[in-house]
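Morning, everyone. I have one structure to go through, so let me put it on the screen.

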Protein chains: 2
Amino acid sequence: MVDKLDLIKEISIPTPTKIMLLVIDGLGGLPITRTGKTELEVATKPNLNHLAKNGVCGLSDPVSPGITPGSTPGHLALFGYDPVSFNVGRGVVEAMGIDFDLERGDIAARGNFCTVDEAGLVTDRRAGRISTEKCTELCRLLDGLGIEGIKIIVRPVKEHRFIAVFRGKELVPEVSDSDPQQVGVVPRVVTARNPQAERMSAVANRFIAQAKTVLAKHHPANMVLLRGFSRRPSLPTMPEIYKLKPAAIAGYPMYRGLARLVGMQVLETGASIKEEFVTLKHNYNDYDFFFLHIKGADSAGEDGDFDRKVRVIEEVDDALPAILSLKPDVIVVTGDHSTPALLKGHSWHPVPVLLYSKWCRPDRVEEFSESACILGGLGRLPATQIMPLAMANALKLTKFGA
Amino acid sequence: MVDKLDLIKEISIPTPTKIMLLVIDGLGGLPITRTGKTELEVATKPNLNHLAKNGVCGLSDPVSPGITPGSTPGHLALFGYDPVSFNVGRGVVEAMGIDFDLERGDIAARGNFCTVDEAGLVTDRRAGRISTEKCTELCRLLDGLGIEGIKIIVRPVKEHRFIAVFRGKELVPEVSDSDPQQVGVVPRVVTARNPQAERMSAVANRFIAQAKTVLAKHHPANMVLLRGFSRRPSLPTMPEIYKLKPAAIAGYPMYRGLARLVGMQVLETGASIKEEFVTLKHNYNDYDFFFLHIKGADSAGEDGDFDRKVRVIEEVDDALPAILSLKPDVIVVTGDHSTPALLKGHSWHPVPVLLYSKWCRPDRVEEFSESACILGGLGRLPATQIMPLAMANALKLTKFGA
């Protein structure tokens, strides 16, 4: 895939045309028995259907068939990066989401404040979702510790979530998580995956021990869990690859972080669908690529709330004329993965995708749905192919070869 | 693909769910003019249609479009191994099929007893399919020869088929076959494909010459043909990759050998469809993955017997309720390649595949046939993706990436 990006870089050209990538997080679903229809199939969505009917549709695999992607690989694939080659750690993504300026060599970990009982067993991995204010206060208690010459910077993210950045010499990120991802057990000891990482694991374990002491009287947030130790990778940026001036409109920190990582300008925005669309309108003249992220469908799917996911899709559909009136040259609507309410989590099922442009070759798909997209003109495609298709339809790719 | 297996290994988890992989060898066909229908389309198969209607279907390419696979690459792909990276020689597969314990460095070749005329031209590549008893007797005559410090072990397989194992120092398998794969010509001289293989070719040619002398009075089995010189490869096993406890139910030695090579437990079984299904039932509680191999459809296709292939498919369909009553979590029905009766041999045509599970996203396919599968929700997929899909549907794969 690195090779594929090199190819795109070679043939991409800047043009005044504009591309709109609308990502409805967790878009794909599964049919419920009552109706035999998925969330997307149940939703009333005249505007999405109009785009599907006049555009070209398909089903995409974010990583490959059978693989359930996390949000990071799901989005990297949509931006055109092979998500297996470019594996970005959770710590880095969280740090970027709060605009934290990671230096070369920094190791970032995603942290949770959590609750442990007297035996040290985790009873709540999220410490009852403490407020962001409380989180900020607790982070101040932990911030600035020095262990073996390593400075540890702690910053709040949202609710129970924070980042811990380990800054100093000779740190490598190949260590395991302390987060056991379940309750009723003690947090894990951070262990080195190779001999070079032993310094990192030692420092992490000492930090965790000190945090436990500091937090002892702050029940329910009386312990921390760390995961996703990682270093900022060096990715070719979207402006380099595609010659685009890309902007991201996303309410959630993690997606803002991801967008920044690939070189997008992250716009200030409210997090509701309407607010995001307003942000788009205000900034429309200044960029030629917009990544607009809708979180609600995924959250509803994760909660197993089929009807709420339907309503989020309907809300997007209602707001869609605001995009259409701007007349972008290419509109892509898809998701970063499926999140069927039935499974209450991300899944491996392929994701509906529609591409609408003056230059697409329409198919016979009449509505935007999983079952209709099976028969679409884009066929079944790896999600990494969506960006080249969007670029081509915006006439931003020149001929390859003589 | 090696990387893809590493990825699967990283995210696979053991669970109590069970996967059933039913391989109807040579399943795919071509339509005959009379009806315009393939073998599968002509067959009466209510149970397969039921699974197709409630599952998800597609067409798979064992190697890649246009490539006609042998049985080994066809099966390796179904087990999730890229059949081009993991090329297993025929000699090795035959040796494993009869439980022969290949040592490191051994070179195994598949042998046929054949008939040659006075001019030395091959008149029957299978020596009139001599009995297994006769084969055993002749193998004893050839077994144990020593040539240039190399010991040659000869073992019967079935009918005219045997294996010759060359054991000794400095042997490499890069030599050509002596089997000309046609009649009316002399057997080929075994030639080295690189300088290191010259010792192997010299020993093989001397063995063949000695065999001709020994067999002179044993018409019709008065000569041998060797092919598929190969050394046992080191493959990651299915238990390692998938954390499965896999069992194989196959009547034919070669498929038993292949299954053993990838780490399956090979169960004792009768070779008829009914007997194989009984074996499944008796062992159902002890494993979480079953590879059940039906040979008859391929044999009928190879013989150009359209109607017999139809009957084999119908026989499988009749027996299918025995599988359904066990309620495996995932059922996959497919073939290792197509064997259209019209072509009297393996072919490159993609193979119908159906996957049935509680968690699959059904499509609009109503029957299990080549023409219906074109429109299926699995689309057109490489056969190596079938195992990840089966694993995902059995909820045996965790999320990739944060």
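**The sheet in chain B**

In β14(B), P382(B) is the bridge partner of D61(B). Before going on: this is a predicted model, where local features need pLDDT of at least 70, side-chain atom pairs count only at pLDDT 80 or more, and totals for chains, interfaces and linings use all residues. Residues are numbered from 1 along each chain as its sequence is written, chains are lettered from A and ligands numbered from 1 in the order in which they are written, and side-chain values use heavy atoms, with hydrogens and water left out.

Strand β2 of chain B, residues 56–61, runs parallel to β14(B), and four bridges join them. Strands here are DSSP runs of E, at least two residues, and helices are runs of H or I, at least four, numbered from the N terminus. The open sheet has eight strands in the order β10-β9-β11-β1-β12-β13-β2-β14, with mixed pairing; two strands pair if DSSP finds at least two bridges between them. At the edges are β10 (265–266) and β14 (379–382) of chain B, each pairing on one side only.

Now chain A. T334(A) lies in strand β12, residues 330–334. Is T334(A) buried or exposed? T334(A) counts as buried because its relative accessibility is 0% (buried is under 20% relative accessible area, exposed over 50%, partly exposed in between, with a 1.4 Å probe and protein chains only). Among the residues that T334(A) touches are L21(A), V23(A), L78(A) and I386(A), not counting residues up to four places away in sequence; contact means heavy atoms within 4.5 Å.
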